[in-house]
Amino acid sequence: MDKPLPLTLVDQFQRRVNYLRLSVTDRCDFRCVYCMAEDMTFAPKSEILSLEELYQVARAFCELGVSKIRLTGGEPLVRNNIMSLVQRLGQLPGLEELAITTNGSQLQRLAPALKEAGVRRINISLDSLNPRKFRHLTRHGNLDQVIAGIDAAINAGFAGIKLNAVILKGRNEDEVLDLVGFALDRGIDIAFIEEMPLGLIDHHDRKLTFCSSEELRAMLASQHRLTAQGEPGGSSGPARYYRVDDSGSRVGFISPHSNNFCHLCNRVRLTVEGRLLLCLGNEHSVDLREILRSPGYKLDKLKWAIVGAMDLKPERHFFDHGEEPQILRFMNTTGG
């Protein structure tokens, strides 16, 4: 008698994995300085997973107890025919939350359709409110287009909208209060993310531009009363959240360097090339594309590979912003 598949995914440290970050493309219409090199080489189309293959992976994870999927990239909304995948994912049994992380460039056009397809939460990157600085940080971005996309998302009525900002010293740390004010004015959340040492970049020295969550909290405390909302985990993800004044908005701090959250990690990532990454800051992985494209493919074979991969999930990462990165893949290939 065949051994039955488990109903949940649990790693060797007894952490339950119930969250999949699913990259649908490594391409992007921006070239943010902390995420990508200006002259990028992207994966050949023959090596990226088809929309059907991505759906098969999502289905397998949901049948193994994963209740949250976040679509990432690159920029997920530049993938051809992406809405057909979103609509199918929105109907997956057991999926309680479908979310997306985006740069906002396509939201003015797609926000209503995403909401209708079942997307509940959207994270939108916004690192500057100065058009010239925004253009420089993103290399190709149009600030007015992104703000219009944010407002379109608000009007569409998603259950949750959060801005993500990476603060670099000497670049945009003078905008921290303005970014929080922008979020407060719109009644949405914002999270500040410490820059992660992924990929070799030549645009700036990460050691010199690193800005810790503690420094950012001190900046905000000068003008706002921040009330702690508890530890990361659950629906809050990796952020430590604070309620801002008496508003409905929260400010979060994601601190992979200064206060990591590895002991609470409940997620894995799939690159668009089908590589299941068990940790953002390590190279432990399993090739699911090989299984998806093997003769006689069956969903159960894919599910057993995912179950087996849980034993490879490491206890923690070791980021050091003062050293050359050990992880050479860029964030756009990692999947958000």
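Modeller: Let's start with pLDDT, which is the predictor's confidence in each residue, from 0 to 100. The protein chain has a mean pLDDT of 88, and 86% of its residues reach 70 or more. This is a predicted model, so local features need pLDDT of at least 70 and side-chain atom pairs count only at pLDDT 80 or more, while totals for chains, interfaces and linings use all residues. Residues are numbered from 1 along each chain as its sequence is written, and side-chain values use heavy atoms, with hydrogens and water left out.

Now for the overall picture. The protein chain has eleven helices and 14 strands; helices (H or I, at least four residues) and strands (E, at least two) are DSSP runs, numbered from the N terminus. Of its 336 residues, 57% count as buried, and buried means under 20% relative accessible area, with exposed over 50% and partly exposed in between (1.4 Å probe, protein chains only).

The helix to look at is α5, residues 143-156. At its N-terminal end sits a cap: a side-chain oxygen of Asn142 lies 3.0 Å from the backbone nitrogen of Asp144. Then check the length.

Which residues of α5 are buried? They are Leu143, Val146, Ile147, Gly149, Ile150, Ala152 and Ala153. Their cover includes the helices α3 (107-117), α4 (131-138) and α6 (176-186), along with the strands β6 (119-125) and β7 (160-166).

For comparison, hop over to Glu53 in helix α1 (residues 51-63). Glu53 counts as buried because its relative accessibility is 12%. Its side chain makes a polar contact with the side chain of Arg293 at 2.9 Å. A polar contact is a pair of N or O atoms within 3.5 Å; within protein, one must be able to donate a hydrogen and the other to accept it, and residues adjacent in sequence count only if both atoms are side-chain atoms. Leaving aside neighbours within four places in sequence, Glu53 is in contact (heavy atoms within 4.5 Å) with Ile48, Leu292 and Arg293.

Where pLDDT is low, the predicted coordinates should not be read in detail.

Conventions
Expected span 1.5 Å × (residues − 1).
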